[in-house]
Protein chains: 2
Amino acid sequence: MSRPPLPSESPPSAPPEQPQRAARIEDVARIAGVSTATVSRALSDPERVSPKARARVMEAVAQVGYLPNQAARSLRSQKSRMVLVVLPDLSNVFFSRILQGIEDVLFEAGYGMIIGNLDGSPEKEARFAAFMATGLVDGAILLNGHLVGQTRDGQGSPAPLSVPLVALCEAIPHAGIPQIEIDNRGAARAATLYLARQGHGRIAYVTGPAGNSLERERFAGYRDGLEQSGLPFDAELVVPGDYTLASGAAAAEALLRLKRRPGAVFCSSDEMAIGLVGGLAAEGIEVPDGMSVVGFDDIEFAAMARPSLTTIHQPRRELGRTGARVLLDLLAGRRAPAHVRLETKLVERLSTRPAGGRSVTGSG
Amino acid sequence: MSRPPLPSESPPSAPPEQPQRAARIEDVARIAGVSTATVSRALSDPERVSPKARARVMEAVAQVGYLPNQAARSLRSQKSRMVLVVLPDLSNVFFSRILQGIEDVLFEAGYGMIIGNLDGSPEKEARFAAFMATGLVDGAILLNGHLVGQTRDGQGSPAPLSVPLVALCEAIPHAGIPQIEIDNRGAARAATLYLARQGHGRIAYVTGPAGNSLERERFAGYRDGLEQSGLPFDAELVVPGDYTLASGAAAAEALLRLKRRPGAVFCSSDEMAIGLVGGLAAEGIEVPDGMSVVGFDDIEFAAMARPSLTTIHQPRRELGRTGARVLLDLLAGRRAPAHVRLETKLVERLSTRPAGGRSVTGSG
DNA sequence: GGTGACGATGTAAACGATTACAAAAATGAG
DNA sequence: CTCATTTTTGTAATCGTTTACATCGTCACC
């Protein structure tokens with residue numbers, strides 16, 4: 001096709017006022033002297049193109065700084081190379097390292113990560129569900145323990161699980177969704193056994209929120225531990241909490257009100273354990289001399305706390321990594337394990353000591 | 001084209017095996033008896049469509065559960081309604097609340113959030129830069145203190161800043177990018193003045209990493225504070241750190257080696273302050289009786305620490321919110337402020353006390 | 001009743017890639 | 001050298017929207 005002749009003063013070398021429109025595949029094709037199909041192939045699957053053409057394409061790409069438009073790409077290919085990560089609370093330190101692990105693996109595989117921070121809002125939940133249904137993401141990792149956007153408004157069909165999902169940490173009661181988790185029950189048993197072996201006969205337990213699936217497991221583990229140690233279960237020693245610092249402090253008061261105080265406490269979260277230590281200190285009871293305390297999670301701060309906290313270490317980053325890997329398997333159509341359990345580890349620090357023994361570190 | 005006759009048992013009312021293809025705008029249009037243009041208008045700008053048509057469209061949408069395909073939408077409209085947030089380290093607790101603030105505002109405005117975790121990797125940086133250039137995101141918020149993907153490989157043109165940007169916390173030396181930050185210098189001055197007013201004559205300072213733009217400001221503020229209090233500056237009292245717990249602990253040792261010990265220390269981060277407290281305790285010096293300590297940031301743990309930490313509170317969530325708002329202004333073509341400064345606040349807790357006074361809380 | 005303005009609607013052309021299909025070129029066997 | 005086969009390339013359809021432009025009524029005003 002012939003164009004109208006250009007004004008004589010405009011050599012094609014450097015058009016001055018043009019606002020730098022991003023280069024398209026067509027531009028690359030023209031410069032390289034091939035078709036757009038060849039350019040596309042050279043970029044996505046270099047083997048399918050002759051070395052000569054490939055070189056010309058690469059040169060043209062470099063010359064114009066071509067980057068394929070993502071919207072066009074994902075419209076046509078029906079893949080977005082994006083993953084949604086849904087979590088209940090972005091500001092909760094517990095999740096940040098998991099996110100990091102997820103990001104590690106996703107990035108490596110060329111995927112991006114969209115964050116869905118639920119924050120207790122049903123609106124958010126609905127929107128994130130839409131993310132999955134509109135092709136915005138190829139899959140999702142759920143850290144929130146339940147399915148997202150199960151809205152069946154009006155006569156609408158039961159929202160189809162449009163993309164592959166993976167559940168991290170909390171179990172989702174839905175068949176066919178791989179679960180990545182730790183052995184909460186076994187870990188809680190280990191913590192309880194540890195205290196029992198240190199000679200503590202009355203071991204209290206500060207729970208997480210009722211109804212939480214993790215919590216049920218941990219509570220079961222606590223009872224396992226008691227049983228295995230030949231200790232009696234005493235409902236009086238079970239104090240309700242909700243994983244927060246404040247509930248740990250409240251638990252301290254509750255425990256001190258008991259006629260027969262426990263010599264040790266196992267808390268279902270580090271935050272509660274730290275709150276408990278503070279609450280005990282306010283009443284003049286120092287940890288570990290006055291009481292031994294074990295936490296759960298091994299958050300960053302557990303090691304910094306005073307006294308540093310004996311706790312159950314969860315491999316958070318590795319949990320994230322594994323979850324991402326399993327999702328990638330699903331996305332690639334590979335067979336994925338239905339269930340992965342990661343090892344926990346009891347980390348001994350200074351918030352526990354044998355019952356009846358004397359403190360090793362003389363305090364002031 | 002004629003198909004082979006179906007087995008008689010399959011009436012067309014409910015095709016059983018069809019894998020539930022997502023409804024397209026065309027389906028909605030057909031059911032509502034209007035054109036696709038009208039459907040599009042009814043959804044994006046209901047005012048432009050007659051009430052009758054609107055109602056029919058809405059009904060059809062509900063009936064088939066239509067959700068517009070994002071890729072198609074953003075391909076055509078050249079807008080993705082996504083924002084990239086770039087940060088140096090996702091696992092750093094300092095950022096999580098900022099992220100939360102950003103997410104708050106973005107969600108409200110109908111935007112999604114893609115996370116770019118740099119993690120010190122140039123590859124990541126390049127990829128995130130590509131996110132901006134490929135239409136994947138409409139804008140970006142940078143928490144990392146420098147421009148992303150400034151790669152000018154080969155003869156490539158100087159990567160055009162393709163989308164609106166906002167710099168949060170750290171300043172980016174580049175004209176035209178709005179900066180959202182706190183008054184680091186003023187806050188550091190306030191912390192120093194506070195200690196001076198408590199009667200401390202020798203006030204040490206534990207720095208952040210050299211070369212950091214925040215750090216320069218804070219150091220200047222420390223000197224301002226000394227000057228304003230009529231105290232001499234003593235280079236011996238400036239101990240290098242890098243914001244980490246470990247460097248705080250190391251600083252403790254350094255300070256204890258001095259012939260004339262300071263009575264108070266101002267640390268450029270809470271983590272260092274907490275490390276310092278631990279390091280001092282290891283040498284038998286308790287805070288605040290043996291030394292007063294002030295931190296910076298007011299991270300979650302500052303209040304939980306023992307002793308709880310006097311520190312400079314940064315409105316992290318609000319920083320995130322403001323950054324997101326400014327970016328939205330930019331995206332909407334509204335005039336955005338070039339510079340926003342948020343207020344900090346000195347939070348008095350138990351890691352400081354007047355010089356020479358006696359401790360109020362009797363320990364042990 | 002004619003005319004202009006306005007609002008509601010429809011038609012069809014983008015947006016920028018990927019990819020099914022067909023054609024052309026290269027390769028190898030006989 | 002011919003023919004079958006394989007590789008490489010090109011053409012054009014396609015993904016599912018939005019939106020410029022054209023069209024068609026409707027209404028008010030003269």
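## The surface near DNA strand C

In chain A, H2 and H4 each supply at least two residues of the surface near DNA strand C, and H2 and H4 of chain B each do likewise. (Helices are DSSP runs of H or I with at least four residues, strands are E runs of at least two, and both are numbered from the N terminus; a residue is near a molecule or strand if one of its heavy atoms lies within 4 Å of it.) This is a predicted model, in which local features need pLDDT of at least 70, side-chain atom pairs count only at pLDDT 80 or more, and totals for chains, interfaces and linings use all residues. Residues are numbered from 1 along each chain as its sequence is written, chains are lettered from A and ligands numbered from 1 in the order in which they are written, and side-chain values use heavy atoms, with hydrogens and water left out.

DNA strand C has 26 residues around it, and the closest are Ile25(A), Ser40(A), Arg76(A), Ser35(B) and Ser50(B). Sorted by class, they come out as 12 nonpolar, eight polar and six charged. (Ala, Val, Leu, Ile, Met, Phe, Trp, Tyr, Cys and Pro count as nonpolar, Asp, Glu, Lys and Arg as charged, and the others, Gly among them, as polar.) Of the atoms of DNA strand C within 4 Å of the protein, 60% are sugar or phosphate and the rest belong to bases.

Gln78(B) puts a polar side-chain atom 3.3 Å from a sugar or linking oxygen of DNA strand C.

## The surface near DNA strand D

Around DNA strand D there are 24 residues, of which Thr38(A), Ser50(A), Ile25(B), Ser40(B) and Arg76(B) come nearest. The class count is 11 nonpolar, seven polar and six charged.

The arginines go for the bases: a side-chain N or O atom of Arg76(B) is 2.6 Å from a base oxygen of DNA strand D, while a polar side-chain atom of Arg76(A) sits 2.8 Å from a base oxygen of DNA strand D. In the side chain of Tyr66(B), an N or O atom is 2.8 Å from a sugar or linking oxygen of DNA strand D. The elements giving two or more residues to this surface are H2 and H4 (70-77) of chain A plus H2 (36-44) and H4 (70-77) of chain B. H2(A) has the largest share, with four residues.

## How H2 meets H3

In chain A, the axes of H2 (residues 36-44) and H3 (residues 51-64) come within 10 Å and cross at roughly 90°, so H2(A) and H3(A) are roughly perpendicular (65 to 115 degrees) to each other. Contact (heavy atoms within 4.5 Å) runs through Thr38(A), Val39(A), Ala42(A) and Leu43(A) on H2(A), and Ala53(A), Val57(A), Met58(A) and Val61(A) on H3(A). That gives seven nonpolar residues, one polar and no charged ones.

## Both ends of H4(A)

Asn69(A) caps the N-terminal end of H4(A), with a side-chain oxygen 2.8 Å from the backbone nitrogen of Ala71(A). Just after H4(A), Gln78(A) has a positive phi of about 60°.

## Two copies

Technical notes: Axes are lines fitted to C-alpha atoms, for helices over the stretch in contact, and angles run from 0 to 180 degrees between N-to-C directions. Angles under 35 degrees count as roughly parallel, over 145 as roughly antiparallel, 65 to 115 as roughly perpendicular and the rest as oblique. A polar contact is a pair of N or O atoms within 3.5 Å; within protein, one must be able to donate a hydrogen and the other to accept it, and residues adjacent in sequence count only if both atoms are side-chain atoms.
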